[in-house]
Amino acid sequence: MKSILITGASSGIGKAAAQFFQQQGWNVIATMRSPEQETGLRSLERVLVTRLDVERKDTIEAAVAEGIDRFGRIDVLLNNAGYAAFGAFEAATDAQVRKQFDVNVHGVMQTTRALLPHFRAQGGGTVINVSSAGGRVAFPLLSLYHASKWAVEGFSESLYYELAEHNIRVKLVEPGNVATDFTGRSLDVLKDDSLEAYAAYTGTVMKKQLESFETQSSTPEHIAKTIYEAAADPSPRFRYIAGPDAEFLLDLRSRVPEEEFMAGIAQQFR
Ligand SMILES: NC(=O)c1ccc[n+]([C@@H]2O[C@H](COP(=O)([O-])OP(=O)(O)OC[C@H]3O[C@@H](n4cnc5c(N)ncnc54)[C@H](OP(=O)(O)O)[C@@H]3O)[C@@H](O)[C@H]2O)c1
């Protein structure tokens, strides 16, 4: 029986993935910052709910050890935990810039680093990183978020080659908009009231982004199925685009000249 360790399993995509893998007969190590608040997963058989804060190495190491202790092995690591800082780059504090990278990039690196010795020792494993369509294109006022996801893409692509030598597969899942609490609990709004110059543009972009979330979002269950497809796929495929909006956008990006594509994005947020 296969086992998966998931970060950020308290809600959204991570929770849907925990439920979907469990339904497929997998053992699931559903990790989160506040396991004491978890409802719904704990009662399922073959699910271990435990603490893991991707900013705290001690909790990563403890969760990995507990998972191996309970299920004997971990076959797949799903690096899912993440959030987005939204707003003018100039309005961000140093702490907000650092935190975006601590969670979305260093968190992925630390958790991967904690699993690699285990994967090598057992002769293989799979790392699936939840990136975003926004890991290959960018929208205004999300500079920190896009920088973090573009970093995850480069990190993953390089790792793909060196880990193949050890029978460890690296895969990226790239969702478009997903109807989760991402625009609620997982949005850090960058605000500096002295920066009036950005106020009108920020209002327009925020409104259009929220509209697009309301009208064209996939469900977390849809993304969970794509993640499962990636986990079960024995082929060397690297990227899994998830959601019709992401497919449309990334297809357009690959076909349309850069200036034309970027002019279209600028126009969309006027
Ligand atoms: N929703 C979208 O439109 C969308 C699109 C593309 C990509 N994604 C990516 O999908 C992933 C999951 O997001 P979601 O949409 O499912 O949003 P979500 O429901 O808000 O889930 C985000 C998860 O990340 C966790 N998290 C945040 N900081 C953490 C930390 N330091 N340590 C451990 N866990 C932490 C949150 O835990 P708490 O419960 O403790 O806050 C929560 O479980 C993210 O990587 C996001 O960038 C989302």
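Predicted model: local features only at pLDDT ≥ 70, side-chain atom pairs only at ≥ 80, totals over all residues.
Trainee: Is α1 roughly parallel or oblique to α6?

Mentor: Start from the geometry. The axes lie 8 Å apart, and the helices pack at an angle of about 60°. Angles under 35 degrees would count as roughly parallel, and 65 to 115 as roughly perpendicular. The angle therefore makes α1, relative to α6, oblique.

Trainee: How many residues in the contact of α1 with α6 are nonpolar?

Mentor: Look at who takes part. From α1 come residues including Ile 13, Ala 16 and Phe 20, and from α6 residues including Ile 223, Ile 227 and Tyr 228. One residue of the contact is polar and two are charged. The nonpolar ones number eleven.

Trainee: Now the charges. How many salt bridges does a search of the whole structure find?

Mentor: Take one as an example. Glu 258 pairs with Arg 253, their closest N and O atoms being 3.7 Å apart. That falls within the 4 Å cut-off, so the pair counts. Over the whole structure, the search finds 13.

Trainee: How far apart in sequence are the parts that Glu 157 and Arg 239 tie together?

Mentor: The two form a salt bridge, with closest N and O atoms 3.5 Å apart. Glu 157 sits in helix α4 (residues 143-164), while Arg 239 belongs to strand β9 (residues 239-242). So the tied parts are separated in sequence by 82 residues.

Trainee: Which strand holds Glu 174, the other partner of Arg 239?

Mentor: Glu 174 and Arg 239 meet in a salt bridge at 3.0 Å, N to O. This pair also links distant parts of the chain, 65 residues apart. Arg 239 lies in β9, and Glu 174 in strand β7.

Trainee: Is Glu 174 buried or exposed?

Mentor: Compare the partners. Glu 157 is partly exposed at 35% relative accessible area, and Arg 239 is partly exposed at 23%. Glu 174 has 0%. Under 20% is the cut-off, so Glu 174 is buried.

Trainee: Which residues join Glu 157, Glu 174 and Arg 239 in their network of salt bridges?

Mentor: Arg 239 bridges to Glu 157 and also to Glu 174. The linked network goes on to include Arg 136 and Glu 153.

How values were computed:
Residues numbered from 1 in each chain as written. Heavy atoms only, no water. Salt bridge = Lys/Arg side-chain N within 4 Å of Asp/Glu carboxyl O. Helix = DSSP H or I, 4+ residues; strand = E, 2+ residues; numbered from the N terminus. Buried < 20%, exposed > 50% of the residue type's maximum accessible area, 1.4 Å probe, protein only. Axes fitted to C-alpha atoms, helices over the stretch in contact; angles between N-to-C directions. Parallel < 35°, antiparallel > 145°, perpendicular 65-115°, else oblique. Contact = heavy atoms within 4.5 Å. Nonpolar A, V, L, I, M, F, W, Y, C, P; charged D, E, K, R; others polar.
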